[in-house]
Amino acid sequence: MRKVITYGTYDLLHVGHINLLKRAKEFGDYLIVVVSSDEFNAIKGKKAFYSFEDRKTILEAIKYVDEVLPEYNWEQKIDDVVNNQVDVFVMGDDWKGKFDFLKDYCEVVYLPRTEGISTTQIKAELAEKKEHK
């Protein structure tokens with residue numbers, strides 16, 4: 001069985017997330033999604049709209065996702081790859097080159113993002129609508 005792993009916050013789920021998960025799953029038989037914990041988001045200076053538990057529940061309902069794990073820090077990726085016997089690490093191409101150190105442990109693939117949509121964009125548009133009310 002070929003295992004694939006990907007990482008993200010996965011807040012305000014949108015079609016770009018689904019496209020990435022679908023394409024990631026095409027690289028193997030089993031897709032592990034590692035989701036930023038609320039504590040890790042705080043370290044990064046981010047705040048998700050949904051709690052970690054809610055984001056985990058949403059991701060577990062997606063047919064491409066086989067397992068959801070928490071991410072607590074930047075450094076855990078090597079351990080995640082080794083401990084889960086991962087064959088392929090997949091990330092959006094806006095991270096291109098940032099995870100090449102994992103090539104010693106597995107194949108590393110950067111996929112193009114879906115054009116015209118991002119969680120940051122959605123949050124900005126929602127904030128703008130709220131201001132105009």
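Biologist: Where is Leu 12 found?

Modeller: Leu 12 is found in the loop between β1 and α1. The model is a predicted one, in which local features need pLDDT of at least 70 and side-chain atom pairs count only at pLDDT 80 or more, while totals for chains, interfaces and linings use all residues. Residues are numbered from 1 along each chain as its sequence is written, and side-chain values use heavy atoms, with hydrogens and water left out.

Biologist: Why is Leu 12 called buried?

Modeller: The relative accessible area of Leu 12 is 14%. Buried means under 20%, exposed over 50%, and partly exposed in between, with a 1.4 Å probe and protein chains only. Leu 12 is therefore buried.

Biologist: What is to be said of the phi of Leu 12?

Modeller: The phi of Leu 12 is near 50°, a positive value in a residue other than glycine. Most residues other than glycine have a negative phi. Gln 85, which is not a glycine either, has a positive phi of about 50°.

Biologist: Where does Gln 85 lie, and why is Gln 85 called exposed?

Modeller: Gln 85 lies in the loop between α4 (77-83) and β4. Its relative accessibility of 61% is over 50%, so Gln 85 counts as exposed.

Biologist: What makes Thr 6 a buried residue?

Modeller: Thr 6, in strand β1 (residues 3-8), has a relative accessible area of 0%, so it falls under the 20% limit and is buried. Leaving aside neighbours within four places in sequence, Thr 6 is in contact (heavy atoms within 4.5 Å) with several residues, among them Leu 20, Val 33, Val 90 and Met 91.

Biologist: How do you know that Thr 6 and Val 90 make a polar contact?

Modeller: A polar atom of the Thr 6 side chain lies 2.6 Å from the backbone oxygen of Val 90. A polar contact is a pair of N or O atoms within 3.5 Å; within protein, one must be able to donate a hydrogen and the other to accept it, and residues adjacent in sequence count only if both atoms are side-chain atoms. The 2.6 Å separation is within that limit.

Biologist: Why is Met 91 called buried?

Modeller: Met 91, placed in strand β4 (residues 88-92), has a relative accessible area of 5%, so the residue is under 20% and buried. Its contacts beyond four places in sequence include Thr 6, Phe 99 and Leu 111.

Biologist: What makes the pair Glu 107 and Arg 2 a salt bridge?

Modeller: The N to O distance between their side chains is 3.2 Å. A salt bridge is a side-chain nitrogen of Lys or Arg within 4 Å of a carboxyl oxygen of Asp or Glu, so the pair qualifies. At 38%, Glu 107 counts as partly exposed, and so does Arg 2 at 35%.

Biologist: Which salt bridge does Lys 25 form?

Modeller: The side chains of Lys 25 and Asp 66 meet at 2.7 Å, N to O. Lys 25 lies in helix α1 (residues 15-25) and Asp 66 in the loop between α3 and β3 (67-71), so the pair joins parts that are 41 residues apart. Lys 25 counts as buried at 17%, whereas Asp 66 counts as partly exposed at 35%. A search of the whole structure finds seven salt bridges.

Biologist: How many helices and strands are there in the protein?

Modeller: There are five helices and five strands, which run β-α-β-α-α-β-α-β-β-α from the N terminus on.

Biologist: Why is the protein called as compact as a globular protein of its length?

Modeller: The radius of gyration, taken over C-alpha atoms, is set against the globule rule of 2.2 Å times the number of residues to the power 0.38. The protein has a value of 15 Å, close to the 14 Å that the rule gives for 133 residues, so it is as compact as a globular protein of that length. Buried residues make up 42% of the 133 residues.

Terms used. Helix = DSSP H or I, 4+ residues; strand = E, 2+ residues; numbered from the N terminus.
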